[in-house]
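I opened a new notebook page for this chain.

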Amino acid sequence: MALIIQKFGGTSVGTPDKIRNAASRIIQAANEGNQVVTVVSAMGKTTDDLVRLAGEITARPSKREMDMLLTTGEQITISLLAMALQDAGYEAESLTGWQAGVETEDVHGNARILNIDTKRIQQMLADGKIAVVAGFQGLTSSDNIATLGRGGSDTTAVALAAALRADKCEIYTDVTGVFTTDPRVVKHARKLPSISYDEMLEMANLGAGVLHPRAVEFAKNFGVRLEVRSSTEKENGTLVEEEATMENNLVVRGLAFEGNVTKITIEDLPNGLNTLSSVFSLLAENGVNVDIIIQSVNKQERTNISFSIETAILDETIELLERYKSSLQFGSIQHEDGLAKVSIVGSGMISNPGVAAQMFKALSEQDIMIKMVSTSEIKVSTVVDQQDMIKAIETLHDVFELDARQPVQQL
């Protein structure tokens, strides 16, 4: 008997019919002799509707009360899914995150899981029941409800798989697996049979929405066998594992992209040993997530620092920096919005130093201006004008022969 964790996202449980379809997937796994724990998100756009509802009450809702509000979305789904399983003749019981033993840090809006007490779930499984668990939520040490932030249900599922030592964690979504890039943007994007944890983590961090970075990190750290599958199509998905078992001769495995990027430049800073640490410690302490960073020093021993952020946090970032202008001792702040990040990812890039040059050449030939660049062993990210984002993705997808109509690229 195997233990399987199944996670269904909001689009996979968005209607009563989709909930019944999810129940049929769970029943199929149970009928094959498996123990099943299911993690679900809120139905469809429920979370967005709740955020909008809060906005009609106040422009500045407290994070604690937002967590109280948003966690009701998953509670609707778990009860309806448990009812569907019970109606089909199966013993099932729904659990909120805290009933499932999920303990989080004392943070609202983006808490991390600290521990999972699995006793209750293990007893349910021993009793032959299917556990239906609300994703995205847990309980703090001060007995407050906390949410895990964007993609939190993925994280709940993988964390449960690690805590329960499950044989497999299946992530059901509205696509059939992990593709070379978003198939809704590039029509001939190709599904990958497998991808390494490191490659998937880079793609998730760079904007690929199929899995949340924290979930991939959990899977890598605890060796969770992960598969991304379609909730409607009955076909194999994409395995996320330590080393990709197929197509591992690809130089570039996939493309990721993310719009609504803003470049901020802090001008005329003192070029001291503590300048960088002072600026970025301040940003980190105030929850500002910074991406690509560039520093340039001028002849007067002063320096400019540029970095990219999500456009949504532009105002609060500038407000924060201006508040500490005297202590940071900078001259002015400039910003450029309307940007996007386009990245190539692949473990084969480690031994192929010409990949970045090939990327830059391809973009320049399409008259796409590169504003910022960041690299690692297995990725190259560029910031371009958002109006050029789709053209950049399509160009790079062709250049690196990721098209489903093309033969697999050989080294």
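**Entry 1**

I began with β1 and β2, which pair in the parallel sense over six bridges. The model I am reading is a predicted one. Next I followed the chain between the two strands. From β1 the chain passes through helix α1 (residues 16-31) to reach β2, and this β-α-β crossover is right-handed.

Is β2 mostly covered or mostly exposed? I checked residues 35-40 and found β2 mostly covered, with five of its six residues buried. Then I looked for another partner of β2. Strand β6 (residues 130-134) runs parallel to β2, and four bridges join them. Here Val 37 stands opposite Ala 131 in β6.

I picked Ile 26, which is found in helix α1. Its relative accessibility is 0%, so Ile 26 counts as buried. What does Ile 26 touch, beyond residues up to four places away in sequence? I listed Gln 6, Phe 8, Val 36, Thr 38, Leu 81, Leu 85 and Ile 130. Gln 300 is 274 residues away from Ile 26 in sequence, and their C-alpha atoms are 66 Å apart in space.

**Entry 1: ring pairs**

How many aromatic pairs are there? The count came to three aromatic pairs. I looked at Phe 8 with Tyr 172, whose rings are stacked, at 4.7 Å centre to centre and 10 degrees between the planes. Phe 8 lies in strand β1 (residues 3-8) and Tyr 172 in strand β9 (residues 168-173), so this pair ties together parts that are 164 residues apart in sequence. I checked how covered the two residues are. Phe 8 is buried, with a relative accessible area of 0%. Tyr 172 is buried as well, at 3%.

Then I turned to Phe 280 and Phe 307. Their ring centres are 5.7 Å apart and their planes stand at 75 degrees, so I wrote this pair down as edge-to-face. Phe 280 sits in helix α8 (residues 275-285) and Phe 307 in strand β15 (residues 302-310), so to speak two distant parts of the chain, 27 residues apart. Both Phe 280 and Phe 307 are buried.

**Entry 2: the strands around β15**

I stayed with β15 and looked up its partners. Strand β13 (residues 254-270) runs antiparallel to β15, with eight bridges joining them. In this pairing, Thr 265 stands opposite Ser 306 in β15. Strand β14 (residues 293-297) is also antiparallel to β15, and five bridges join these two.

**Entry 3: the nonpolar cores**

Which residues have the most contacts inside the largest nonpolar core? I noted Val 37, Ile 121 and Ile 344, in a core of 74 residues. Helix α5 (residues 152-164) gives the most to this core, with seven residues. Another core lies apart from it; this one has 20 residues, among them Phe 8, Ile 19, Met 43 and Tyr 172. The stacked pair of Phe 8 and Tyr 172 is therefore one I could find again in the 20-residue core.

I then took Ile 344 by itself. Leaving aside neighbours within four places in sequence, its contacts include Val 252, Leu 255, Met 349, Val 380 and Phe 400.

**Entry 4: helix α5**

I tested the length of α5. At 1.5 Å a residue, its 13 residues should span 18 Å, and the end C-alpha atoms are 18 Å apart, which agrees. How many residues of α5 are buried? I counted twelve of the 13, so to my notes α5 went down as mostly covered. Among the buried ones are Gly 152, Asp 154, Val 158, Leu 160 and Leu 164. Just after α5, Arg 165 takes a positive phi of about 55 degrees.

**Entry 5: a last residue**

I finished with Thr 395, which has its place in helix α12 (residues 389-399). Is Thr 395 buried or exposed? Its relative accessibility is 11%, so Thr 395 counts as buried. Not counting residues up to four places away in sequence, Thr 395 touches Ala 362 and Gln 366.

Key: Residues are numbered from 1 along each chain as its sequence is written. This is a predicted model: local features need pLDDT of at least 70, side-chain atom pairs count only at pLDDT 80 or more; totals for chains, interfaces and linings use all residues. Side-chain values use heavy atoms; hydrogens and water are left out. Rings of Phe, Tyr and Trp (its six-membered ring) pair if their centres lie within 6.5 Å; planes under 30 degrees apart count as stacked, over 60 as edge-to-face and the rest as tilted. Buried means under 20% relative accessible area, exposed over 50%, partly exposed in between (1.4 Å probe, protein chains only). A nonpolar core is a set of buried Ala, Val, Leu, Ile, Met, Phe, Trp, Tyr and Cys residues joined through side-chain atoms within 4.5 Å. Contact means heavy atoms within 4.5 Å. Two strands pair if DSSP finds at least two bridges between them. A crossover is right-handed if, with the strands pointing away from the viewer, the path from the first strand over the helix to the second runs clockwise. The expected span of a helix is 1.5 Å times one less than its number of residues.
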